[in-house]
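Hi there,

Here is the structure I promised to pass on. My notes on it follow below.

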Amino acid sequence: MEKSIIVAGVGGQGVLLVGQTLSNAANETTDKFVTYFPSYGMQKRGGTSECYVVISDEPIGVPKPKLVDYLLAFNTEAFNRFKGNVKPGGTVFLNAAEDEAESVSTNADMLVGMGEGAATDASAMNECAAADVPADTEGFKVVRVDAAKTAFNLGSSKALNLVMTGALIGYSDLMPAENVLQTIFKKLGAKHPEMNEMNEKAYSLGLEAGRRSVR
Amino acid sequence: MEKIFVKGCEAVAEAAVRAGCRFFAGYPITPQNEVPEYLARKLPQVGGIFVQAESEIASISMVFGAAAGGTRSMTSSASTGVSLMSEGISALAGAHLPAVICNFQRSGPGISNIQPSQQDYNQATKAHGHGAFRMLVLAPSTLQEAADMTYRAFDLADKYLNPVYLLLDGFTGAMMEPIVFPDPKSDEWILENKASKAGWALFDGNLREERRRAMGGRNDQEPDNIASAEMYERWKGTEVEYEETLTDDAELIITAYGISARFAGAAVKKLREEGLKVGLIRPVKVYPFPEEAFDKLDYTRVRGILSVEMSIPANFAEDVKYAACRRAPVKTCLSSGGNILELDAILDAARELYGSR
């Protein structure tokens with residue numbers, strides 16, 4: 001079994017960190033093969049940023065596959081850039097920040113009709129809304145995660161990436177949720193132990209959102 | 001053994017330290033900046049010296065100096081930076097000094113962009129500088145191999161008193177994979193290694209006559225060139241290194257080196273699942289080129305050879321054509337300019353060639 005993931009957004013959103021966290025967790029807590037390949041332009045903050053993670057039972061031939069099982073899109077631009085790279089039957093996790101809701105709707109017909117509930121339900125501080133939209137012609141499923149707002153409500157917009165990570169792990173059977181959390185503590189907590197609590201919260205809210213989206 | 005999840009650049013840098021490298025000079029260039037970054041931190045901790053030089057020319061010259069002093073030395077750069085080192089690499093070969101040079105290839109020609117490529121093959125295997133010298137050129141395909149080959153490169157450099165070239169690419173440098181590192185050489189071993197070079201190295205400012213001639217040019221160059229040429233010829237018997245996968249019954253051969261061989265290996269696996277008899281020849285060293293791997297093929301069965309590389313125009317394919325010697329058609333599957341090969345493109349090219357007879 002081989003599973004592949006693209007994480008995409010802009011520099012500064014912690015895109016590469018998510019890829020590294022997933023890869024590290026897979027390496028440290030499973031006996032699977034894993035590769036991580038980052039791709040970024042010359043800009044650090046604000047430039048496009050994406051990475052590829054492949055987790056497999058066998059040695060990995062292509063660390064940068066054309067089609068992946070999961071796409072974590074941190075913004076609409078990333079979604080539009082990579083929606084053509086999702087396998088039929090694959091899943092997209094889209095950070096649907098409020099200010100982006102409209103552009104998302106206009107850019108992707110499949111998102112029309114998902115209702116405004118997802119965004120408004122999330123107004124509660126400790127809740128991260130997620131709504132999945134039936135796949136249309138593109139042949140994949142979209143799970144809309146209110147990650148930006150959830151992270152903002154928690155006190156740091158930076159935690160957006162952990163909400164997204166949680167959603168992926170909660171939704172999929174890639175790895176046990178606890179394994180990824182331990183890696184987050186180990187890698188992120190090493191530099192900033194004071195952030196552990198918030199990181200765990202962001203990850204957990206994403207996890208719940210992801211789990212709720214499994215139908 | 002613990003598998004450590006590292007970047008390709010870090011795998012090379014750490015393996016160099018473990019191999020006893022105690023001098024590094026380099027000048028920043030993407031996509032290999034993590035090599036100097038890592039060594040800037042690590043080398044001082046183990047009693048080594050790291051220098052961020054003012055240029056590539058200065059870097060390779062400093063490596064020359066350190067190697068002449070008997071210290072295991074390395075530099076690293078990417079394509080356009082390696083071009084600037086050409087004169088110094090030639091000087092190392094001319095003076096018979098052991099050193100390791102890493103090239104994390106990026107797109108070319110010119111400055112081009114920072115994305116991965118394999119466009120420096122001819123430069124690496126045939127013309128690293130003026131003067132018709134040769135180097136062993138190691139081309140790792142995985143990060144484990146990158147670490148193992150870096151470690152071995154220092155032994156090969158010492159053994160042949162010649163620079164050794166690691167031909168990598170920006171993809172291998174940037175990607176991460178779990179690896180097991182070779183054991184570090186002890187401080188005692190490193191001291192003994194240095195002492196073993198007393199026959200030629202310049203210790204304590206003692207400019208031995210023989211060495212001084214090597215570095216200052218010489219009038220009687222030809223005997224030295226003949227001896228070097230004989231060494232390069234001997235390599236064709238002792239240093240050829242390649243990997244064959246499912247070639248025994250293969251009707252189509254895919255051949256590739258480095259990162260492309262990874263993709264090619266995945267293609268072979270997929271095509272076998274489709275029932276096509278496809279095998280892989282992967283040169284592990286690209287100099288000396290493994291011509292014997294192509295001589296061993298049964299050309300009554302092989303319909304064609306597909307040469308895969310991230311270079312347009314093709315470089316590696318020229319050696320493949322030479323080795324295949326018109327016994328089978330050689331086609332190419334290529335990408336360049338920073339574009340990564342796509343598995344589908346290899347599969348399509350292979351299927352077409354497979355059905356072409």
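**Where the chains meet**

The contact between the chains takes 18 residues from chain B and 15 residues from chain A, with two residues in contact if their C-beta atoms, placed from the backbone, lie within 7 Å. H12(B) (258–273) gives the largest share of chain B's side, five residues. By class, that side of chain B has 11 nonpolar, one polar and six charged residues; Ala, Val, Leu, Ile, Met, Phe, Trp, Tyr, Cys and Pro count as nonpolar, Asp, Glu, Lys and Arg as charged, and the others, Gly among them, as polar.

A word on conventions: this is a predicted model, in which local features need pLDDT of at least 70, side-chain atom pairs count only at pLDDT 80 or more, and totals for chains, interfaces and linings use all residues. Residues are numbered from 1 along each chain as its sequence is written, while chains are lettered from A and ligands numbered from 1 in the order written. Helices (H or I, at least four residues) and strands (E, at least two) are DSSP runs, numbered from the N terminus.

Within chain B, the axes of H3 (residues 56–68) and H5 (residues 86–94) come within 8 Å and cross at roughly 15° (axes are lines fitted to C-alpha atoms, for helices over the stretch in contact, and angles run from 0 to 180 degrees between N-to-C directions). H3(B) and H5(B) are therefore roughly parallel (angles under 35 degrees). Their contact involves B:Phe64 of H3(B) and B:Leu92 of H5(B), among others, and its residues divide into seven nonpolar, two polar and no charged.

In chain A, 11 of the 15 residues of H1(A) are buried, so this helix is largely enclosed by the rest of the structure (buried: 20 or more other C-beta atoms, placed from the backbone, within 10 Å of a residue's own).

Best wishes

Key. Angles under 35 degrees count as roughly parallel, over 145 as roughly antiparallel, 65 to 115 as roughly perpendicular and the rest as oblique. A residue is buried if 20 or more other C-beta atoms lie within 10 Å of its own, exposed if 12 or fewer, and partly exposed in between; C-beta atoms are placed from the backbone.
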